[in-house]
Amino acid sequence: MFARTERLLLRPSWPEDAQELHAAIADEGIVRNLARAPWPYTADDAVHFTAQAHDERHPTFLLMLRTKGAPRLVGGCGIGDLDGEAELGYWIARPYWGLGFATEASRAVINIAKAIGHNKLIASHFTDNPASGNVLRKLGFQSTGKIAQRQSKGRGEAAACAMYERALAGAGSEPRAMLRPPAFSMREQMERLQAA
């Protein structure tokens with residue numbers, strides 16, 4: 001599954017992405033705000049992530065900045081499974097903070113979540129990362145008013161998380177991500193989207 005936004009190509013990871021992924025995410029300032037990524041984030045962690053099977057109900061994407069030259073990895077975004085609920089998650093490489101990429105990519109992933117049949121998304125942010133809360137509110141997520149202790153592999157301990165949710169059923173005010181059917185191989189599909 002692929003999506004294209006104004007500036008980004010969202011695509012699954014491939015094993016050959018491991019080195020670039022490691023260079024982009026191996027930053028304690030990024031990983032400490034994620035629940036599932038370990039710190040230190042090693043080259044082996046990147047190899048493992050890029051080699052894992054793709055889950056159609058819980059897709060994850062690398063965010064590739066569309067350029068006239070080779071695309072650049074700016075982050076990741078996707079839908080995870082948290083206790084049976086679909087959870088939106090994202091991260092952005094430090095050089096691209098504050099440029100709106102988390103919001104842009106997440107809008108596309110929300111549309112993908114609707115297209116594959118999710119009726120609701122949940123999300124959270126560690127309370128010492130208020131910038132992520134700003135992104136969630138821009139995306140139409142509502143605070144549940146709950147603060148939960150959530151384990152963070154990056155921090156090596158649990159930390160306070162503000163909890164959010166967003167209903168998807170009947171929504172449709174945002175433009176849908178440009179989804180393409182898998183009529184071609186993943187590689188051919190990516191080349192077609194990059195050329196567009």
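Begin by selecting T144, which lies in strand β7, a strand spanning residues 142–152. The model is a predicted one, and the values given at each stop are to be read accordingly.

Is T144 buried, exposed or partly exposed? Its relative accessible area is 30%, so T144 counts as partly exposed, given that this class lies between the limits of 20% and 50%.

Next, display the neighbours of T144. Leaving aside residues up to four places away in sequence, T144 touches M163, Y164 and E165.

**The aromatic pair**

How many aromatic pairs does a search of the whole structure find? The search returns 1. A pair of aromatic rings is described by the distance of the centres and the angle of the planes. For Y96 and F101, the ring centres are 6.1 Å apart and the planes stand at 75°, so the pair is edge-to-face; planes over 60 degrees apart fall in that class. Colouring by accessibility will show that Y96 and F101 are both buried.

**Two helices in contact**

Move on to helix α1, residues 18–25, and helix α3, residues 43–51. At what angle do α1 and α3 pack? The angle is about 125°, and the axes of α1 and α3 are 8 Å apart. The crossing of the two helices, α1 and α3, is right-handed.

To see the contact itself, show side chains on both helices. Helix α1 contributes A18, L21 and H22, while α3 contributes A43, A46, V47, F49 and T50. Of the residues in this contact between α1 and α3, 6 are nonpolar, 2 are polar and none is charged.

**The whole chain**

Of the 196 residues in the chain, 47% are buried. Among contacts in the chain with a separation of 6 or more, 66% are between residues 24 or more positions apart.

Terms used:
Residues numbered from 1 in each chain as written. Predicted model: local features only at pLDDT ≥ 70, side-chain atom pairs only at ≥ 80, totals over all residues. Heavy atoms only, no water. Axes fitted to C-alpha atoms, helices over the stretch in contact; angles between N-to-C directions. Helix = DSSP H or I, 4+ residues; strand = E, 2+ residues; numbered from the N terminus. Left-handed = near helix turned anticlockwise from the far one by under 90°. Contact = heavy atoms within 4.5 Å. Nonpolar A, V, L, I, M, F, W, Y, C, P; charged D, E, K, R; others polar. Phe/Tyr/Trp six-rings, centres within 6.5 Å; stacked < 30°, edge-to-face > 60°. Buried < 20%, exposed > 50% of the residue type's maximum accessible area, 1.4 Å probe, protein only.
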